[in-house]
Amino acid sequence: MARYIIKRVILAVLTVFIISAITFFLMHAIPGGPFNKEKALSQATIDALNQRYNLDKPLVEQFFIYIRELLKGDFGVSLKNGREIGQIIGESFPISARLGFTAVAFALVLGTILGSLAALTRNKLPDRIIIFFSTLFTAVPSFVLATLLLLVFCIQLQWLPVWSTQTPNYVLPVIALAAYPMAYTTRLAKTSMLDALDQDYIRTARAKGVAHWKIIFKHALRNSLIPVITYAGPEIAYIITGSMVVETVFTIGGIGSQFVSAITNRDYTMIMATTIFLAALMVVANLICDLLYKAVDPRIKYD
Amino acid sequence: MENYEHLLSVQNLHTAFSTDNGTVQAVNGISFNLDKGKTLGIVGESGSGKSVTAYSVMQILSENGKITEGNVLFKGDNITKWSEKQMRSFRGKSCSIIFQDPMTSLNPVFTVGNQIMEGIRLHSTQYQSSPKERALEMLKLVGINEPEKRLKQYPYELSGGMRQRVMIAMALACEPDILIADEPTTALDVTIQAQILELMQDLQKRMGMAIIMVTHDLGVIAEMCDEIIVMYGGRICERGTADEIFYNPRHEYTKGLLRSIPSGANMKQRLIPISGTPINMLNMPKGCAFCPRCDSAMKICLEQIPDEISINENHKASCWVNIRDEQMKEKEAVTT
Amino acid sequence: MVNYDENGTPKKNKLSLQIDLSKFEPATDEEKKQQDVMSKSSTFFKDGMKKLRKNPLAMASMIVLVLIIVLIIVAPLVIPYGYSEILSVNGKRDKGAKNLAPFTYSKMEQKYIDEGNYRFPHVFGTDEQCRDYFVRVIYGTRVSLVVGFFASLIVLIIGMIYGSISGYLGGTVDLIMMRIVDIIYSLPDMLMVILLSVVFKEVLVFPDGSILAKLGTNMVSLFIVFGLLYWVGMARLIRGQILSIKENDYVLAARTVGAKAGRIIRSHILPNCLSVIIISTALQIPSAIFTESYLSFIGLGVQAPMPSLGSLANAARQGLQTYPYKLVFPALAICLIVLSLNLLGDGMRDAFDPKLRR
C-alpha cells in the first residue's frame with residue numbers, strides 16, 4: 001500500500017514537471033518571446049524582468065532556474081503591473097478556494113443523495129423531477145448559467161447583492177459553478193445505484209433476510225459510490241476551469257478571474273505561473289481522489 | 001400449525017414475469033412436497049422454470065415477477081400469504097439458498113466474515129453474543145483452512161471452490177430447515193464439483209436439513225437425490241426416484257434427455273440430441289409444452305395438457321403416450 | 001382446474017378417461033410447427049432503431065436538431081443582412097441602429113419604411129456595433145455546430161486509428177502507446193487547451209484571403225488542440241473494445257483462414273464496436289461545443305467579426321442591465337443545441353447498448 005502511494009506521488013510530481021516544461025517552452029515559442037518589447041513596459045518592469053528571468057541565458061537553463069525559483073515560492077513578476085505574482089496568487093487563491101470547496105462539496109454530496117433517491121423511486125414522480133432537472137442542467141454551461149443568474153437575481157430582481165469584498169455573497173456563484181457537476185453526479189449516482197441493485201449479491205442479501213433499507217444503505221450504496229468517487233477528480237478539474245468564468249462574471253477577485261484577465265492582457269508571466277499553479281492543484285486533487293478510490297474498492301490491486 | 005404433513009408443500013404454483021415484450025409464464029402449475037432430511041432434485045434445461053420455482057418459494061423474485069396462483073406451505077403455514085416482515089425471518093433462518101456464481105453472489109466490498117456474521121446477527125438467538133465464533137465454526141465445518149485468516153479476506157482473494165464453501169457456510173450458519181442449491185456446481189471445475197457435493201451430503205447428515213437441488217446436470221441429480229422432478233416449459237414432466245427416472249423414463253422429454261447424454265447404456269452409440277429449440281415462454285401452447293419437439297407427438301398432445309398418472313408408487317408422469325399405452329393394454333385385455 | 005386429495009397431490013381428472021381414441025394419432029409436422037411460435041428475429045440495428053423511435057425525448061431532439069440545421073442553412077439566404085455588416089440605409093451608415101430591441105427599427109429605418117419601402121425586421125434586434133443580431137446568432141450557431149462536428153470527427157478518426165493499432169498489435173507496442181495516452185490523459189485538458197490557444201493565436205499566421213485566414217487562427221488552433229488532446233478517450237475506448245473482441249472465436253477463425261490484420265480489424269472488429277463508437281461520438285459533439293463556447297467566452301474563440309455563441313454571450317455582459325435579450329438568445333441557442341444532442345445521445349445509448357436489455 002505504501003509503495004503504491006509513493007509511486008502515485010512520484011507520478012504526480014512528474015506530471016507537474018512535464019506541464020511546467022510544456023507551459024514554459026510554449027510561452028517562449030511566441031515570437032518576440034513573452035517579454036514582448038513592443039509593449040510599453042516601464043523601465044522598472046524591464047529591469048525587474050531582466051533580473052528575475054535571466055533573459056540572457058540559454059532557454060533550457062532559464063527553465064531550470066525558473067523551476068528552482070518556483071519551488072522556493074517565487075512565481076515571478078506580472079508583466080501588467082510589475083507586482084509579485086506570488087503575492088497576487090496568495091491574495092486571490094483563498095477566495096477561489098472557498099468558492100471551489102463549497103461547490104465541490106455541494107455537487108458531490110447533493111448529487112449522490114439526489115441520484116440515489118432517483119434510483120430508489122425509479123419511474124415515479126421524484127425520479128422524473130430529479131432526472132428532468134439534472135438533464136436540463138447538463139446542457140447549461142457554467143458561464144451561461146452564471147450570466148443568467150447575475151441578470152435575473154442581481155440586476156433585475158435585486159434579491160442578492162453583486163459580489164464585492166465587502167459583500168461577499170457566494171450563493172449565486174456556487175450555484176453557477178456546482179450546477180453542471182451536480183447534475184452529472186446525480187445521473188451517475190442513479191445509474192450506479194441501479195447497477196448495484198441489479199447485482200447478484202443484492203439477491204443474496206435478500207435471501208439472507210436482510211431488510212430493504214439495509215440492503216440499500218449497506219450493500220448497494222458502498223458499491224454505487226465507487227463510480228462517483230472516480231468522477232470526483234474530473235469534477236474538481238471542471239470546477240477549477242469553471243471558476244475562471246464564474247469569477248469573471250460575478251466580478252469576484254479570485255485566481256480564476258486573474259487568469260482570465262491575464263489572458264486578455266497578454267500577461268505572459270502571469271499566465272505561465274498561474275497555469276502551473278492550477279495544474280499542480282488539479283494533479284494533487286486527482287491524486288487524492290485516486291487514493292480515496294482505492295481505499296473504497298478493495299478489489300483494486302496495489303500495483 | 002404444529003401438525004403438518006410435509007415440511008414444504010408447493011401446490012399448483014404459477015409464476016409470471018412482465019417484460020417489455022409481454023408476460024412470460026415461467027412456472028405453470030408446479031406441485032411437489034419435501035420432507036425433513038430428504039433431498040429433492042429439480043432437473044431441466046435453462047429456461048425450464050426450475051430456478052424461478054426456487055425463487056418463488058423464497059419469494060426473492062425480481063421486481064417484475066409475481067406468484068400468480070397457487071400456495072406454498074411451510075410446516076403447514078401458507079407463506080405466500082405472509083407479510084414481507086414474516087418472509088424476512090423465513091429467509092436465511094428457516095430456508096436458505098446458495099447460488100450458481102459465488103463470485104458475483106458475494107458482495108465484493110465486504111469481508112467474508114462480515115457477510116457470514118450478518119446473517120447470524122439477523123436471525124440467530126443462539127449465537128447472538130458470539131457471531132464471530134459461530135462464523136469460524138462454520139468455516140471449519142465447510143472445510144476451509146486457516147479460517148481466522150479467511151474471515152478477514154475479501155471474496156476476490158478466494159478461489160471459486162472456496163467461495164462456494166463460504167456461500168454454504170453463510171447459508172447454514174443459522175441451521176435452516178431447508179437448503180436450496182441453485183446450480184451450485186455449474187460454475188466450478190469438475191474436481192471441485194465432486195468436493196462440494198460431498199460436502200453438502202456430509203452437512204445434511206450432520207445438520208438434518210432438507211435440500212432442494214436445482215440443476216441441469218443429470219449426473220449431480222443421480223448422486224444426491226431421493227426424489228427427482230423433471231421440468232420443461234414451467235411444468236413437471238415426470239417425477240420419481242433416481243432409479244425410476246433413469247431406468248424407466250416415461251416422458252418423451254426425459255427419454256430425449258437420457259438419449260442425448262453419454263452414459264454406460266449408450267457407450268458405443270451415437271448421441272441423439274433433442275431436435276428443435278427451447279420453448280418460447282411468451283406464448284405457452286394449449287397442449288403439452290414439449291409437443292413441437294417430440295417425436296411421438298400425437299394430435300391430443302396439441303390440444304390438451306396431459307394429466308399426471310402414476311406409473312407406480314414412486315413414479316408419476318405427465319405424458320399422453322402413457323395414457324395411450326394404458327388404453328391399448330386395456331383394449332387388448334378386453335379383446336383377449 | 002386441478003383438484004387435490006388429502007395428501008396434497010393433484011387428483012387425476014376422471015373425465016380424461018373418456019378421450020376419443022382418434023386423438024392418439026400421431027401429430028403431423030405442420031401441426032407441431034403451429035404450436036411453436038418463435039419471436040420474430042431482427043438485426044441488432046433494426047432492434048435499436050425500433051427502441052429509439054419509441055423514445056419521445058430522443059425523437060423530439062432529433063426533430064429540433066433537424067429544424068435548427070435547416071434554419072441555419074436557409075436563414076442567411078433569406079435575411080438580407082450579413083453577420084459583420086454594419087446596418088446602412090440607402091448606403092448611409094445607420095448609427096442609430098445600435099442595440100435595437102427585437103422587432104424594432106431605428107429612426108432612419110422607420111423613415112425608410114414610411115417612404116414605402118420594405119425593411120426586413122430585426123428578429124433579435126441589433127448589437128452595439130449596429131449589426132443585425134439574428135444573423136449573428138445564426139452564424140454563431142453555425143460555427144458551434146461545425147466546430148462541434150468536425151472536432152468530434154477528428155477525435156474519432158485519430159482515436160480510432162490509434163486505438164485499433166494499439167489494441168490489435170498488443171504487446172510492447174500497446175504498452176508504449178498506452179503510456180503515451182496515460183501521460184496525455186493526465187494533463188489538465190482545459191489548461192492545455194487555453195495555453196495552446198494563447199500560443200497559436202500569436203504563432204499561426206495565414207496568408208491573407210485564404211480559407212484558413214477566414215476561419216481565423218483561433219478556429220484552426222481549436223481543431224489542432226482537439227486533435228492533440230481529446231482523442232485519448234476514444235483511443236482507450238476502442239482499444240478496450242478490440243481487446244475484448246480480439247479473443248473471440250470468429251476472429252480466430254478469420255485468422256486461420258489467412259485474413260490480414262487490416263481486414264480483420266475492418267470487417268470483424270470495428271462493426272462490433274460500432275454502437276459504442278456512435279454513442280461516444282454523439283456525446284462528444286456537445287462536449288466540443290461546450291469547449292468552443294467556453295474558449296470564445298474568454299476571448300480565445302473564433303476571430304471577430306465572426307461570431308460564436310460564446311463570444312456573443314460574453315459581449316452581452318456589457319449592456320446586461322439594459323439589453324438583457326442580447327444574452328438570452330445566444331444562451332438559449334447553446335442550451336437548446338447541447339440539450340438536444342445530449343438527449344439524442346442518451347437515447348441512442350439506451351437503444352443500442354446491449355448491456356441495458358431487460
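Which residue just after α10(A) takes a positive phi? That would be R266(A), with a phi of about 55 degrees. Bear in mind that this is a predicted model.

**Chain A and its helix α10**

- Chain A has eleven helices and zero strands, so a walk along its sequence reads α-α-α-α-α-α-α-α-α-α-α.
- Of the 303 residues in chain A, 54% count as buried.
- Take the contacts in chain A with a separation of 6 or more: 73% of them come from residues 24 or more positions apart.
- Helix α10 of chain A, residues 255-264, is mostly covered, with seven of its ten residues buried.
- The buried residues of α10(A) are I255(A), G256(A), S257(A), F259(A), V260(A), A262(A) and I263(A).
- R266(A), the residue with the positive phi, comes just after this helix.

**Where chain A meets chain B**

- Chain A puts 19 residues into the contact and chain B puts in 27 residues.
- About 2,200 Å² is buried between chain A and chain B, and carbon and sulfur atoms give 55% of that.
- On the chain A side, R203(A), R206(A) and K208(A) lose the most area to chain B, together 29% of what that side buries.
- There are 15 residue pairs in polar contact between chain A and chain B, counting pairs with both residues at pLDDT 80 or more.
- Two elements of chain A give two or more residues to the side that touches chain B: α8 (200-207) and α9 (212-249).
- By type, the residues on that side of chain A split into seven nonpolar, four polar and eight charged.

**Salt bridges across the interface**

- Side chains of opposite charge can pair when their charged atoms come close.
- Across the interface of chain A and chain B, the rule finds two salt bridges.
- E118(B) forms a salt bridge with K208(A), where the closest N and O atoms are 3.0 Å apart.
- E118(B) also forms a salt bridge with K218(A), here with the closest N and O atoms 3.4 Å apart.
- The E118(B)–K218(A) pair crosses from helix α4 of chain B to helix α9 of chain A.
- E118(B) itself counts as buried, at 3% relative accessibility.

**Salt bridges elsewhere**

- The whole structure has 25 salt bridges over all chains.
- R134(B) and E175(B) meet through their side chains in a salt bridge at 3.9 Å, N to O.
- That pair links distant parts of the chain, 41 residues apart: R134(B) is in helix α5 (residues 131-141), and E175(B) is in the loop between α7 (160-172) and β7 (178-182) of chain B.
- R134(B) counts as buried at 3% relative accessibility, whereas E175(B) counts as partly exposed at 42%.
- In chain C, the side chains of R236(C) and D182(C) meet in a salt bridge at 2.6 Å, N to O.
- R236(C) lies in helix α10 (residues 231-246) and D182(C) in helix α6 (residues 171-186) of chain C, so this pair ties together parts 54 residues apart in sequence.
- R236(C) is partly exposed with a relative accessible area of 33%, and D182(C) is partly exposed at 27%.
- Back in chain A, salt bridges that share partners join R68(A), E69(A) and K72(A) into one network.

- C291(B) is in no disulfide, since the nearest cysteine sulfur, that of C301(B), is 5.3 Å away and the cut-off is 2.5 Å.
- C291(B) is buried, with a relative accessible area of 2%, and C301(B) counts as buried at 7%.

- V112(B) is in helix α4 (residues 112-123) of chain B and counts as buried at 2% relative accessibility.
- Leaving aside neighbours within four places in sequence, V112(B) is in contact with R150(B), L151(B), Q153(B), P155(B), L158(B) and V166(B).
- S318(B) is in the loop between β12 (315-317) and α13 (320-335) of chain B, and counts as buried at 10% relative accessibility.
- With neighbours within four places in sequence left out, the contacts of S318(B) include H251(B), P306(B) and D307(B).
- S293(C) lies in helix α12 (residues 261-297) of chain C and counts as buried at 1% relative accessibility.
- Beyond its neighbours within four places in sequence, S293(C) is in contact with F143(A), G310(C) and I334(C).

Key. Residues numbered from 1 in each chain as written. Chains lettered and ligands numbered in written order. Predicted model: local features only at pLDDT ≥ 70, side-chain atom pairs only at ≥ 80, totals over all residues. Heavy atoms only, no water. Contact = heavy atoms within 4.5 Å. Buried area = accessible area lost by both parts, 1.4 Å probe. Salt bridge = Lys/Arg side-chain N within 4 Å of Asp/Glu carboxyl O. Polar contact = N/O pair within 3.5 Å; in protein donor to acceptor, adjacent residues only side chain to side chain. Helix = DSSP H or I, 4+ residues; strand = E, 2+ residues; numbered from the N terminus. Nonpolar A, V, L, I, M, F, W, Y, C, P; charged D, E, K, R; others polar. Buried < 20%, exposed > 50% of the residue type's maximum accessible area, 1.4 Å probe, protein only.
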